[in-house]
Amino acid sequence: MAFRKEEKLSAELAQELLTTTRQVSPFPGVDAGPPKTLFETKQCLHCQGVHSRKCPSVSSIEYYNDGAVKHVTYFPHGSWPEDQVIWLEDVYDALPNEENL
Ligand SMILES: [Zn+2]
């Protein structure tokens, strides 16, 4: 899925992003946790939005040899293209107006 702000988020996609699905247990006997919306499962750990490519807020990530994250550097607030990210409020804004249903 490619997310661009210029293409207005459709009401259909907004509803899909808020659809709740049951989570799958990672191991037998391990609680899968509460159901999550598609938005929550796609949500970026760094900017809390949803985007299709690398997080635009991240400048660099340094890793340990085992692949664990050692250090993350972010671009200063206001200096990265936030229009590449779908925010939760964008999703709610794109929902059909209940008066139109
Ligand atoms: Zn992000």
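Of the six residues of S4, how many are buried? Hold that for a moment.

This is a predicted model. The protein has 101 residues, and 8% of them count as buried. There are three helices and four strands. Along the sequence they run α-β-β-α-β-β-α.

Back to S4. The number of buried residues among its six is zero, so S4 lies largely in the open. S3 is hardly covered either: it has six residues, and the buried count is zero.

These two strands belong together. S3 and S4 pair in the antiparallel sense, over five bridges. They form a hairpin, with five residues between the strands. Look at the turn: Gly 67 sits there, with a positive phi of about 95 degrees.

Ile 61 stands opposite Val 72 in S4. Glu 62 stands opposite His 71 in S4. Keep a general point in mind here. In a regular strand, side chains alternate between the two faces of the sheet.

Next, the core. Which residues make up the largest nonpolar core? There are five: Leu 17, Val 50, Val 85, Ile 86 and Val 91.

Take Val 91 from that set. Set aside its neighbours within four places in sequence. Val 91 is then in contact with Leu 9, Ala 14, Leu 17, Leu 18, Phe 39 and Ile 86. Two of those names, Leu 17 and Ile 86, are on the core list as well.

What about contacts across the whole chain? Count those between residues at least 6 apart in sequence. Of these, 44% join residues at least 24 apart.

Now the loops, in sequence order. Start with Gly 33. This glycine lies in the loop between strand S1 (20-21) and strand S2 (36-37). Is Gly 33 buried or exposed? Exposed, because Gly 33 has 11 C-beta neighbours inside 10 Å, and the cut-off for exposed is 12 or fewer. Gly 33 and Arg 22 are eleven residues apart in sequence. In space, C-alpha to C-alpha, the separation is 8.4 Å.

Move on to Gln 48. You will find Gln 48 in the loop between helix H2 (38-42) and strand S3 (58-63). Its phi is the thing to check. The value is near 70 degrees, which is positive, in a residue other than glycine. Most residues other than glycine have a negative phi. Gln 48 is also exposed, with 11 other C-beta atoms within 10 Å.

Then Pro 76. Where does Pro 76 sit? In the loop between strand S4 (69-74) and helix H3 (88-94). Pro 76 counts as exposed, because 8 C-beta neighbours fall inside 10 Å.

Last, Asn 97. Asn 97 is in the segment after H3. Asn 97 is exposed, with 7 other C-beta atoms within 10 Å. Now look across to Ala 11. Asn 97 and Ala 11 are 86 residues apart along the chain. Their C-alpha atoms are separated by 9.4 Å.

To recap. S3 and S4 make an antiparallel pair. The largest nonpolar core has five residues, Val 91 among them.

Note on methods
Residues are numbered from 1 along each chain as its sequence is written. This is a predicted model: local features need pLDDT of at least 70, side-chain atom pairs count only at pLDDT 80 or more; totals for chains, interfaces and linings use all residues. A nonpolar core is a set of buried Ala, Val, Leu, Ile, Met, Phe, Trp, Tyr and Cys residues joined through C-beta atoms within 7 Å. A residue is buried if 20 or more other C-beta atoms lie within 10 Å of its own, exposed if 12 or fewer, and partly exposed in between; C-beta atoms are placed from the backbone. Two residues are in contact if their C-beta atoms, placed from the backbone, lie within 7 Å. Two strands pair if DSSP finds at least two bridges between them.
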